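This report goes through one protein model, element by element. Please look at the sequence and the structure before reading on.

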Amino acid sequence: MKKPQTDRILAHLKARKTITTMQAIKRYGCTRLASRICDLKEAGHKIGAYWAKERNGRVYKYYLA
């Protein structure tokens, strides 16, 4: 059985440090990353975010604070 998206996103943040919306869509099929981040925050995880410039423009990156 697959883990819930929030568990997979949390594991990603712990292992890889940051995640973008496009990474969440491609790797986990999560089209509402902001909602999953909100769920993680409500569960007590400290998560921050910042704008980063990438070759395709600016993206919002989330990280464990």
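The model is predicted, so local features need pLDDT of at least 70 and side-chain atom pairs count only at pLDDT 80 or more, while totals for chains, interfaces and linings use all residues. Residues are numbered from 1 along each chain as its sequence is written, and side-chain values use heavy atoms, with hydrogens and water left out.

**Helix H3 and what covers it**

Helices (H or I, at least four residues) and strands (E, at least two) are DSSP runs, numbered from the N terminus. Helix H3 spans residues 33-42, and its buried residues are Leu33, Ser35, Arg36, Ile37 and Leu40. Buried means under 20% relative accessible area, exposed means over 50%, and partly exposed lies in between (1.4 Å probe, protein chains only). The cover over these buried residues includes helices H1 (5-16) and H2 (21-28), along with strands E1 (18-19), E2 (47-54) and E3 (57-64). Just after H3 comes Gly44, with a positive phi of about 105°.

How do the axes of H1 and H3 cross? They come within 10 Å and cross at roughly 85°. Therefore H1 is roughly perpendicular to H3. Axes are lines fitted to C-alpha atoms, for helices over the stretch in contact, and angles run from 0 to 180 degrees between N-to-C directions. Angles under 35 degrees count as roughly parallel, over 145 as roughly antiparallel, 65 to 115 as roughly perpendicular and the rest as oblique.

On the H1 side, the contact (heavy atoms within 4.5 Å) is made by Gln5, Thr6, Ile9, Leu10 and Leu13, and on the H3 side by Leu33, Arg36, Ile37, Asp39 and Leu40. These residues divide into 6 nonpolar, 2 polar and 2 charged. Here Ala, Val, Leu, Ile, Met, Phe, Trp, Tyr, Cys and Pro count as nonpolar, Asp, Glu, Lys and Arg as charged, and the others, Gly among them, as polar.

**The lining of the largest pocket**

Which residues line the largest pocket? The lining consists of Thr20, Thr21, Met22, Gln23, Lys26, Glu54, Arg55, Asn56, Gly57, Val59 and Tyr60. On a 1 Å grid over the protein atoms alone, a pocket is an open set of points where a 1.4 Å probe fits, with protein on both sides within 12 Å along at least five of seven lines; lining residues have an atom within 4 Å of a point. H2 and E3 each supply at least two residues of the lining, and H2 gives the most, with 4 residues. By type, the lining residues divide into 3 nonpolar, 5 polar and 3 charged.

| Residue | Relative accessible area | State |
|---|---|---|
| Lys17 | 56% | exposed |
| Tyr62 | 10% | buried |
| Tyr28 | 16% | buried |

Lys17 is found in the loop between H1 and E1. Its phi is near 80°, a positive value in a residue other than glycine. Not counting residues up to four places away in sequence, Lys17 touches His12, Tyr62, Tyr63 and Leu64.

Tyr62 lies in strand E3. Leaving aside neighbours within four places in sequence, the contacts of Tyr62 include Leu13, Lys17, Leu33, Ile37 and Ile47. Tyr62 and Cys38 are 24 residues apart in sequence and 11 Å apart in space, C-alpha to C-alpha.

Tyr28 belongs to helix H2. Beyond four places in sequence, Tyr28 touches Gln5, Arg8, Ile9, His12, Arg16, Ile19 and Gln23. Between Tyr28 and Thr6 there are 9.7 Å in space, C-alpha to C-alpha, and the two are 22 residues apart in sequence.
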